[in-house]
Amino acid sequence: MSRLYLGLDSSTQSLSAVVIEYGSGQIVFQHSLNFDACFPHYNTDNGVLKHFDPAVVHAPPLMWLEALDRLLIELGQSGMAMDRIAAVSGSAQQHATVYLKHGFLQDLETLNPLLPLHKQLHSVFSRETCPVWMDHSTTTQCQSLAESLGGQEQSNLITGSVVTERFSGAQIKKFAELEPANYAETAHIMLLSSFLSSLCCGHLCGIDYSDASGTNLLDINKKSWHQQALDACAEQLQTKLGQPQNPEQSLGNIHPYFAQRYGFNPQCQIMPWCGDNPSSAIGLGLIESGMSAISLGTSDTCFGLMSDLPENRNPYAHSFIAPNNDYMMLLCFRNGSLARDKIRCHFNLDWDQFAQLISESQPGNNGGLCLPWVSDEITPKTSSTGIHTKGLDDPDAAVLCRALVEGQMLAMSNHADLAGLHPTSIKATGGASNNREILNIMANVFDCPVEIIATSNSSALGAAMRAAHYLEQCTWKDCVAAFTGTIANTKIVPDKRLSTLYHKLKTDYASFEQQMLKSH
Ligand code: ADP
Ligand code: XUL
């Protein structure tokens, strides 16, 4: 019987699982748990905790643990042959940091399989809530960290990104500065990905290269921590972080906790968890330089693989190390699904009505434009929150839904150009890739075909594929060919007439964006 591989993805709003069967190339299980709906007692809103300061965005780590147990129970209840799962890997929202006390390792090693994780690990955290990627409360720390590295341009060259508010370096620095006693009590600082890796295998795991490149602390060329960056952040940071982890090396057997509690084979291998976007690159079949994708999740991201880093770096683009040890260029837009959702709810629409209204409205809105900054944006960085419009007088629901999505795609295409990402075809994923009208606009603005793969959960699929790639010793090409088939008839080709229209609007949009950035 051929082997099964489990991929998990702990994203902003949900925990998902995908199980693949290598021999048949089938996805045999996929399921998601939405944090707000399934775990209301944590009081999260779209997976994060409300705070009076909108720049502070944290999540409760116990919720992630409770979700992991619940999902594995449901996996077992589905009739899955747990002992056929040969390897497990996962991915997690990038940049989220987890702070653990000295007793953590002992508590981890002695987990009781009769009790769920959240009942046993509630006192291991030296910071009760974890800052996540939406947090942008670290501007002061970013300035000082960038200065220590010789300025933002230099930081970009060394670490792959300008020093960025949501990245883990600035987040750790803020914690060490504002809560020195709790920082001193912290023995280990992990990313959500390495925390979940550690739980799965029962020992302390380093942060994998992809997520380490989302910290501003890694020398991206050498794949090792940059001492100056560590020293500029906090004392004894290297000891707390451990060594960065090569994503292509196994972490060993599964923790007996999971084998005994859920019936996994005790020899089941654990592969390092990595960031959700890098994992999604594999799940979408991006294994060669030049391949590009757009993920329409809570945030919208646009990314592509590169064998070498470009000499000129766009300050808004991030270079990460991909799970296949290539490089990956990524742009992240905070106003993704949350902005679309806000407009949809404002007009009391469901997603089908939202799509219907777009299809009935005029492409290009007669030159009208909309900057979709429902909340503080990160690409470009601005706090001039609001839906700013130009040439749209008193827009009705249809005009505004279209203008918002067009604005999102025009911004993405302009910033991709600046980052040296020039897609010739795009793989689309994420919750909103179910929406045909959004993908039509994407294909026309980027002037290239858009394809959707068979699961909208490409990060969890990528994790399962990374596990299979290791154990089956297959090439990435074979692995991708087996699992990333596009859904039949979902290749959307651009309409040349509309692409020409959007080509002109891209320039107008860039000027409008500049104008708004200057005036705030
Ligand atoms: P994340 O991985 O960041 O948690 P997902 O990729 O699961 O996010 O996407 C969730 C989002 O997808 C929801 O916020 C929802 O707004 C959006 N979504 C779901 N279905 C549709 C649809 N048909 N059209 C547009 N957006 C959708
Ligand atoms: C990427 C980023 C987001 C999160 C979402 O840099 O911050 O896309 O990874 O989960």
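Which residues lie nearest the centre of the largest cavity? In this predicted model, the residues nearest that centre are Phe 333, Pro 372, Glu 377, Gln 408 and Ala 411, and the lining as a whole comprises 13 residues. Two or more lining residues of the largest cavity come from each of strand 19 (369-373), helix 17 (397-418) and helix 21 (496-518). Helix 17 makes the greatest contribution to this lining, with three residues. Classified by residue type, the lining of the largest cavity contains seven nonpolar, three polar and three charged residues. The volume of the largest cavity is about 70 Å³.

At least two residues of the lining of the second largest cavity are supplied by strand 1 (4-10), and at least two by helix 2 (61-77). By class, this lining consists of nine nonpolar residues, with no polar and no charged residues. The lining of the largest cavity, by contrast, includes three polar and three charged residues beside its seven nonpolar ones.

Terms used
Residues are numbered from 1 along each chain as its sequence is written. Chains are lettered from A and ligands numbered from 1 in the order in which they are written. This is a predicted model: local features need pLDDT of at least 70, side-chain atom pairs count only at pLDDT 80 or more; totals for chains, interfaces and linings use all residues. Side-chain values use heavy atoms; hydrogens and water are left out. On a 1 Å grid over the protein atoms alone, a cavity is a set of points where a 1.4 Å probe fits but cannot get out, and a pocket is an open set with protein on both sides within 12 Å along at least five of seven lines; lining residues have an atom within 4 Å of a point. Grid points are joined across faces, edges and corners, and a volume is the space filled by probe spheres set on the points. Helices (H or I, at least four residues) and strands (E, at least two) are DSSP runs, numbered from the N terminus. Ala, Val, Leu, Ile, Met, Phe, Trp, Tyr, Cys and Pro count as nonpolar, Asp, Glu, Lys and Arg as charged, and the others, Gly among them, as polar.
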